[in-house]
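Below is a set of questions and answers on one protein chain.

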Amino acid sequence: MDWFRGDCIGCGSFSTVNLAIPRSISAPLMAVKSCDVFESSLLENEKDVLTQLGNCEHVIQCFGGDQSVENGKMLYNLLLEYASGGSLSHLVKKSGGCLPESDARRYTRSILKGLHYIHAKGFAHCDIKLQNILLFENGEAKIADFGLAKKTGQKQSGEQGRIEFRGTPLYMSPESVNENEYDSPCDIWALGCALVEMVTGKPAWNCKQETNVAALLIRIGVGDELPEIPQELSKEAKDFLSKCFVKDPKRRWTADMLLDHPFVANETTVPLTEQFSPPSSSPRCPFEFPEWVSVPSSSPKSELWSNKEVESRFDWSSLSYSPSPAERLRQLGSDQGCNWSFSESWVTVR
C-alpha cells in the first residue's frame, strides 16, 4: 500500500506512531508504528499475530508491514487501523481521572469480547492495560499492541532457567510472577486491574509511584493479598472483579464465562455520535405543539425548592414533571430568580 508519513500521534519505549496517509483517495487513514529494522522483533510478532487472528470488530486491524529508509535510517513499519478516539487511558485522564461505572461497564464488555475472540484463536495478549485499548467514534473499544502476544501453552523462549517478564508489572498476574506463565488467564487478571483503574483513576495495587518493582512483584506473587476492590462499586461490579482476582488461574473465570456475568451481560454500545440527542425543533404552526400535560400541585401553596432539595425529592430518571400553568406563573412572579443557565430542555426558536 502506497502511503506517506503524517504527524506523530504517539510513542512507546521502542517505536513511534504516526498518521499514515494513503496516496489513494479510496484507502482509509491509517496509523503506522515504526522502529529501527534491527529492533523490530516485537512489531514483526504483532504483525504475525494480527494476521493469524484475522478480522474481529474488537481487535485492531492490521494492513500489513513494510520497510523504508528515512533520514539515512532503515525502518520497519507496521500499518494499523487508525483509532480517532485515542486510548482508554487518555479518556480516563480527560474525564477527570475516572469514569462512571456505566461507561466502565460498556468498555469492559468490548474488551471481554475481544479477549474471547483472541483466546478462542489460541492466543494470549499478555499486556492488557488502558493504554492498549483504543477507542472509535462508533463507541467501540478495540484491543491493540500485540507485540508481546503469544500462543497459549507455548513455553517461554530463552536460556534454561532464565526468567522473562512480559507486560506491565502493575497488571501482572500471580502465576506470571511465580511460574513465568503467560496464558489466557493472565489477560483476565489484567482486565480486572484495568476495570479498577477505570473507575478509580488509580492502579489496582495501592502503591506509591516510587515503589520498587521487585517489592511490587513480591506483593503480587507471595501470600494471599489481592488488589483492593473499590467499595463504591455496585454489587455486580464487585462480584465481577472477585471472579477476575483469583490467585489460582485454573479457578479464575474465563472471558466466555464473564460475558454472561450480570455486570456486563445486558450492556450495549452507545456510539459517540448518538450520546447527545439534537434539540427538538420549534413548531411551525399551532397544530405542531405537543400535547400539554399539567400536573396539579400537591399543595394549595406553591413550594419553591433549591436544586439539592429537588434532587432529593424526585428520581428524575423515571419521573417527568410539568407544573400547571397557574403554578408556573406564580413561580415566575415570585422574588426568586429563574435559573436561566439550565438549558437541557430548551428548544430552538425560529
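Q: Which residue in E5 does Asp36 stand opposite?
A: The model is a predicted one. In it, strand E3 covers residues 30-36, and strand E5 covers residues 73-81. The residue of E5 that stands opposite Asp36 is Leu75.

Q: How many bridges join E3 to strand E5?
A: These two strands run antiparallel. The number of bridges that join E3 to E5 is 7.

Q: How many residues of strand E3 are buried?
A: A residue counts as buried when its relative accessible area is under 20%. Strand E3 is largely enclosed by the rest of the structure, because its buried residues number 7 of 7.

Q: How many of the 9 residues of E5 are buried?
A: E5 pairs with E3 through 7 bridges and with strand E4 (residues 62-70) through 8 bridges. E5 is largely enclosed by the rest of the structure, because the buried count among its 9 residues is 7.

Q: Which residue in the turn between E4 and E5 has a positive phi?
A: E4 and E5 run antiparallel, and Asp66 stands opposite Asn77 in E5. The two strands form a hairpin with 2 residues between them. The turn residue with a positive phi, about 55 degrees, is Asn71.

Q: What is the phi of Cys126 near?
A: Cys126 is found in the loop between strand E6 (123-124) and strand E7 (133-135). Its relative accessibility is 7%, so Cys126 counts as buried. Cys126 is a residue other than glycine, yet its phi is positive, near 75 degrees.

Q: Is Asp145 buried or partly exposed?
A: Asp145 lies in the loop between strand E8 (141-143) and strand E9 (150-151). Although it is not a glycine, Asp145 has a positive phi of about 60 degrees. Buried means under 20% relative accessible area, and exposed means over 50%. At 23% relative accessibility, Asp145 counts as partly exposed.

Q: Which element gives the largest share of the lining of the second largest pocket?
A: About 840 Å³ of space lies in this pocket. The pocket is lined by 29 residues, and those closest to its centre are Val17, Lys33, Gln131, Asn132 and Asp145. Two or more lining residues come from each of strand E1 (3-11), E3, H1 and E5. The largest share, 3 residues, comes from E1.

Q: Is Leu53 buried or exposed?
A: Leu53 is placed in helix H1 (residues 41-53). Leaving aside neighbours within four places in sequence, Leu53 is in contact with Val59, Tyr117, Ile118, Lys121, Phe123 and Phe146. The relative accessibility of Leu53 is 1%, so Leu53 counts as buried.

Q: What separates the C-alpha atoms of Leu53 and Gly122?
A: Along the chain, Leu53 and Gly122 are 69 residues apart.

Q: How many disulfides does the structure hold?
A: A disulfide is a covalent bond between the sulfur atoms of two cysteines. To count here, two cysteine sulfur atoms must lie within 2.5 Å. The number of disulfides that the structure holds is 0. For Cys8, the nearest cysteine sulfur is that of Cys11, at 5.9 Å, and the disulfide count stays at 0.

Q: Is Cys8 buried or exposed?
A: Exposed means over 50% relative accessible area. Cys56, at 15% relative accessibility, counts as buried. Cys8 has a relative accessible area of 52%, so Cys8 is exposed.

Q: What percentage of the residues in the chain is buried?
A: The secondary structure of the chain comes to 10 helices and 9 strands. Among contacts between residues at least 6 apart in sequence, 63% join residues at least 24 apart. Of the 350 residues in the chain, the buried part is 38%.

Terms used
Residues are numbered from 1 along each chain as its sequence is written. This is a predicted model: local features need pLDDT of at least 70, side-chain atom pairs count only at pLDDT 80 or more; totals for chains, interfaces and linings use all residues. Side-chain values use heavy atoms; hydrogens and water are left out. Buried means under 20% relative accessible area, exposed over 50%, partly exposed in between (1.4 Å probe, protein chains only). Helices (H or I, at least four residues) and strands (E, at least two) are DSSP runs, numbered from the N terminus. Contact means heavy atoms within 4.5 Å. Two strands pair if DSSP finds at least two bridges between them. On a 1 Å grid over the protein atoms alone, a cavity is a set of points where a 1.4 Å probe fits but cannot get out, and a pocket is an open set with protein on both sides within 12 Å along at least five of seven lines; lining residues have an atom within 4 Å of a point. Grid points are joined across faces, edges and corners, and a volume is the space filled by probe spheres set on the points.
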